[in-house]
Amino acid sequence: MTSRSAVVFPKDLRLLKTLGENIALAMKRRKITQTRLSERTGLSMPTLRNITRGEPGVSIGHYLVVLSALGLAEDLAKVALDDEFGRKLQDIELLSSRRKNNERHSDSF
């Protein structure tokens, strides 16, 4: 069985790199070394290095384990919480259906 990796576009790679940098900064602020984090999470040193680099091949579960060990797991729940674009699409659909309903009611007179 061959493993498949996700195709990650350059702008998204930059976001992952930022995530990795943020995790590295959180570790430094807490004075937690990669060795200590490896002991706490059970993740290998290469995996932790890949996380702090924001490598796309690392599973989201591993990112979550690290965030949890840093006390930041709840931050993951904030992702897509405020879906501004989705609300705009929904509003357009609602307005469109309201117009259609108004047209139907005006045609019946």
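Helix 2 and helix 3 come out roughly perpendicular to each other (65 to 115 degrees; under 35 counts as roughly parallel, over 145 as roughly antiparallel, and the rest as oblique). This is a predicted model, where local features need pLDDT of at least 70, side-chain atom pairs count only at pLDDT 80 or more, and totals for chains, interfaces and linings use all residues. Residues are numbered from 1 along each chain as its sequence is written, and side-chain values use heavy atoms, with hydrogens and water left out.

**Overall layout**

- The protein chain has five helices and zero strands, where helices are DSSP runs of H or I with at least four residues, strands are E runs of at least two, and numbering starts at the N terminus.
- Reading along the sequence, you get the pattern α-α-α-α-α for the protein chain.
- The radius of gyration of the protein chain is 22 Å, while a compact globule of 109 residues would sit near 13 Å (taken over C-alpha atoms; the globule rule is 2.2 Å times the number of residues to the power 0.38).
- Along the principal axes, the C-alpha atoms of the protein chain fill a box of roughly 75 × 35 × 25 Å.
- Take the contacts in the protein chain between residues at least 6 apart in sequence, and 50% of them join residues at least 24 apart (contact means heavy atoms within 4.5 Å).

**Helix 2 against helix 3**

- Helix 2 (residues 34-41) packs on helix 3 at an angle of about 110 degrees, with the axes 10 Å apart; axes are lines fitted to C-alpha atoms, for helices over the stretch in contact, and angles run from 0 to 180 degrees between N-to-C directions.
- On the helix 2 side, Gln34, Thr35, Leu37, Ser38 and Thr41 meet Met45, Leu48, Arg49 and Thr52 of helix 3.
- Sorted by class, that contact of helix 2 with helix 3 has three nonpolar, five polar and one charged residues (Ala, Val, Leu, Ile, Met, Phe, Trp, Tyr, Cys and Pro count as nonpolar, Asp, Glu, Lys and Arg as charged, and the others, Gly among them, as polar).

**Helix 1 against helix 3**

- Helix 1 (residues 10-29) and helix 3 (residues 45-53) pack at about 115 degrees, with their axes 5 Å apart.
- So helix 1 is roughly perpendicular to helix 3.
- Helix 1 brings Lys17, Gly20, Glu21, Ile23, Ala24 and Met27 to meet Ile51, Thr52 and Arg53 in helix 3.
- The residues of this contact of helix 1 with helix 3 split into four nonpolar, two polar and three charged.

**Residues worth a click**

- Most residues other than glycine have a negative phi.
- Lysine 31 has a positive phi, near 55 degrees, and lies in the loop between helix 1 and helix 2.
- With 72% relative accessibility, lysine 31 counts as exposed.
- Alanine 80 has a positive phi too, near 65 degrees, and its place is the loop between helix 4 (60-69) and helix 5 (84-107).
- Alanine 80 counts as exposed because its relative accessibility is 66%.
- Arginine 49 lies in helix 3 and, at 34% relative accessibility, counts as partly exposed.
- Arginine 49 and lysine 88 are 39 residues apart along the chain, and their C-alpha atoms are separated by 39 Å.

Key
Buried < 20%, exposed > 50% of the residue type's maximum accessible area, 1.4 Å probe, protein only.
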